[in-house]
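Visitor: Please put the model up. I have some questions about its contacts and its make-up.

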Amino acid sequence: AVALVAFDAAVYVENGKPQRPVPIDDFFLLPGDTPDVEHPLTSGELIVAVEIPTSAALRRSHYLKVRDRESYEFAAASAAVGLELEADGRTVRDVRIALGGIATKPWRARAVEAALVGRTFD
């Protein structure tokens with residue numbers, strides 16, 4: 001889920017009607033007034049596809065999950081990062097960062113991404 005958020009995936013759902021895409025940022029819901037509702041699927045809907053747009057940052061990406069013990073399924077923290085550099089091989093053209101284990105849903109670090117674009121990667 002963390003990597004899907006980092007790269008702007010879309011989840012396609014179907015319930016006998018034409019498929020509808022749900023942007024991944026809208027798929028994982030915050031608790032708010034309905035902490036029992038974790039996603040926008042309605043009765044009878046089924047996930048039929050996940051689409052990840054291609055990008056140079058996706059081609060140069062990595063996912064890391066840190067756990068207390070190997071036997072634990074859930075991450076204490078995780079991160080998915082993708083990086084695209086300019087032709088000089090040092091300047092950040094695009095960066096995608098999403099974090100897991102820090103909130104009730106995967107969290108995109110858009111402010112950090114914006115701060116890194118145009119900076120030298122060293």
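Visitor: What share of the contacts with a separation of 6 or more joins residues 24 or more positions apart?

Guide: This is a predicted model: local features need pLDDT of at least 70, side-chain atom pairs count only at pLDDT 80 or more, and totals for chains, interfaces and linings use all residues. Numbering starts from 1 along each chain as its sequence is written, and side-chain values use heavy atoms, without hydrogens or water. Contact means heavy atoms within 4.5 Å. Among contacts in the protein with a separation of 6 or more, the share from residues 24 or more positions apart is 47%.

Visitor: In what order do the elements run from the N terminus on?

Guide: Helices (H or I, at least four residues) and strands (E, at least two) are DSSP runs, numbered from the N terminus. The protein has four helices and seven strands. Their order is α-β-β-α-β-α-β-β-β-β-α.

Visitor: Is D94 buried or exposed?

Guide: D94 sits in strand β6, residues 92-100. Buried means under 20% relative accessible area, exposed over 50%, partly exposed in between (1.4 Å probe, protein chains only). The relative accessible area of D94 is 18%, so D94 is buried.

Visitor: Which side chain does the side chain of D94 join in a polar contact?

Guide: A polar contact is a pair of N or O atoms within 3.5 Å; within protein, one must be able to donate a hydrogen and the other to accept it, and residues adjacent in sequence count only if both atoms are side-chain atoms. Beyond its neighbours within four places in sequence, D94 is in contact with A57, G82, L83, E84 and V117. At 3.2 Å, the polar contact partner of the D94 side chain is R96.
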